[in-house]
Amino acid sequence: MFACLQEIFSSVQGEGPYVGYRQIFLRFAGCNLTCAYCDTLIEPAPACRCELTPGKKDFRFVSNPLTPPQVARMVETLNPAIHHSLSLTGGEPLLHNEFLLELIPLLRGCRLRIYLETNGTLPQELKRLIHLVDIIAMDIKLPGTSRLPPLWDEHRKFLAAARQKEVFVKIVVDEKTSFQELDEALRLLKEAGEVPLIIQPVTLAGGKLGIGPERMLLLQERALKILPQVRIIPQIHSVLNLL
Ligand code: SF4
């Protein structure tokens with residue numbers, strides 16, 4: 001089994017309730033969506049950029065595709081003991097679930113929790129892998145912000161599967177985010193059993209936020225009428241100048 005990865009490195013989580021926790025990141029190539037605000041290189045690169053010492057940015061390039069034992073060895077060299085978890089990110093990591101089914105058992109000795117960052121649209125793929133995952137950081141894509149067609153049905157099925165594990169949902173919002181589409185997302189989260197919600201203001205080029213404070217607070221107030229746990233957390237990578 002092989003997979004194309006973009007990067008393997010050590011950094012801190014820059015989004016959501018685990019913000020600031022030290023993680024080893026596996027960034028997979030490829031995605032099944034094309035969000036308007038995507039800031040990630042998702043086309044497979046000829047080589048994966050692999051950090052050799054945690055936090056030092058001393059990369060070497062290893063030709064793609066990679067095997068699970070190759071990736072396991074790279075994770076082991078990044079001193080797993082100082083990390084909270086292994087973040088599977090992308091792109092969409094669930095497009096590589098055969099690879100992950102082989103890789104994750106190889107990493108048992110590292111004692112890393114498995115933190116899955118996903119766009120929340122591939123429920124069948126999640127079901128095959130969920131027994132190996134500890135924390136699920138799932139997106140709900142609002143059509144107005146992402147410029148994608150509605151994905152409510154995919155998100156509903158995904159949430160139903162994800163509830164077996166710790167799960168929270170992130171929704172990216174901008175100034176044009178409508179109450180109507182937020183309400184649709186809130187209905188899904190309520191139905192799924194009051195899943196914690198992170199409202200994430202979209203980050204524009206140059207690190208500016210694409211929504212003002214008043215609108216953000218209005219969206220949060222609306223969500224708090226339906227759900228008990230609703231937090232506004234922006235991305236922190238650019239503030240800390242991190243990968
Ligand atoms: S789901 Fe994530 S990686 Fe895929 S296009 Fe959207 S923002 Fe980019």
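Predicted model: local features only at pLDDT ≥ 70, side-chain atom pairs only at ≥ 80, totals over all residues.

Modeller: Residues are numbered from 1 along each chain as its sequence is written, and side-chain values use heavy atoms, with hydrogens and water left out.

Colleague: Which residues touch the most other members of the largest nonpolar core?

Modeller: A nonpolar core is a set of buried Ala, Val, Leu, Ile, Met, Phe, Trp, Tyr and Cys residues joined through side-chain atoms within 4.5 Å. Buried means under 20% relative accessible area, exposed over 50%, and partly exposed in between (1.4 Å probe, protein chains only). The largest such core has 61 residues, and those touching the most other members are Leu5, Ile8, Leu26, Ile140 and Leu197.

Colleague: What does Leu197 touch, not counting residues up to four places away in sequence?

Modeller: Contact means heavy atoms within 4.5 Å. By that criterion the list for Leu197 is Val169, Ile171, Leu186, Leu189, Ala223, Leu227, Gln229, Val230 and Arg231.

Colleague: Is Ser85 buried or exposed?

Modeller: Ser85 belongs to strand β5, residues 85–89; helices (H or I, at least four residues) and strands (E, at least two) are DSSP runs, numbered from the N terminus. Its relative accessibility is 0%, so Ser85 counts as buried.

Colleague: Which side chains make polar contacts with the side chain of Ser85?

Modeller: A polar contact is a pair of N or O atoms within 3.5 Å; within protein, one must be able to donate a hydrogen and the other to accept it, and residues adjacent in sequence count only if both atoms are side-chain atoms. Another, at 3.0 Å, is with the side chain of Gln23.

Colleague: How are α1 and α2 oriented to each other?

Modeller: Helix α1 (residues 68–77) and helix α2 (residues 97–106) have axes 9 Å apart and pack at about 40°. Axes are lines fitted to C-alpha atoms, for helices over the stretch in contact, and angles run from 0 to 180 degrees between N-to-C directions. Angles under 35 degrees count as roughly parallel, over 145 as roughly antiparallel, 65 to 115 as roughly perpendicular and the rest as oblique. Therefore α1 is oblique to α2.

Colleague: Where does Asn119 lie, and which side chains does its side chain join in polar contacts?

Modeller: Asn119 sits in the loop between β6 (113–118) and α3 (123–129), and is buried with a relative accessible area of 5%. Its side chain has a polar contact of 2.6 Å with that of Thr121. A further one, of 2.9 Å, is with the side chain of Asn32.

Colleague: Which residues does the cis peptide bond with omega of about -5° join?

Modeller: The proline concerned is in the loop between β4 (59–63) and α1. With omega at about -5°, the cis bond joins Asn64 and Pro65.

Colleague: What is phi of Lys57?

Modeller: Lys57 is in the loop between β3 (47–51) and β4, and is partly exposed at a relative accessible area of 44%. Its phi is positive in a residue other than glycine, near 55°.
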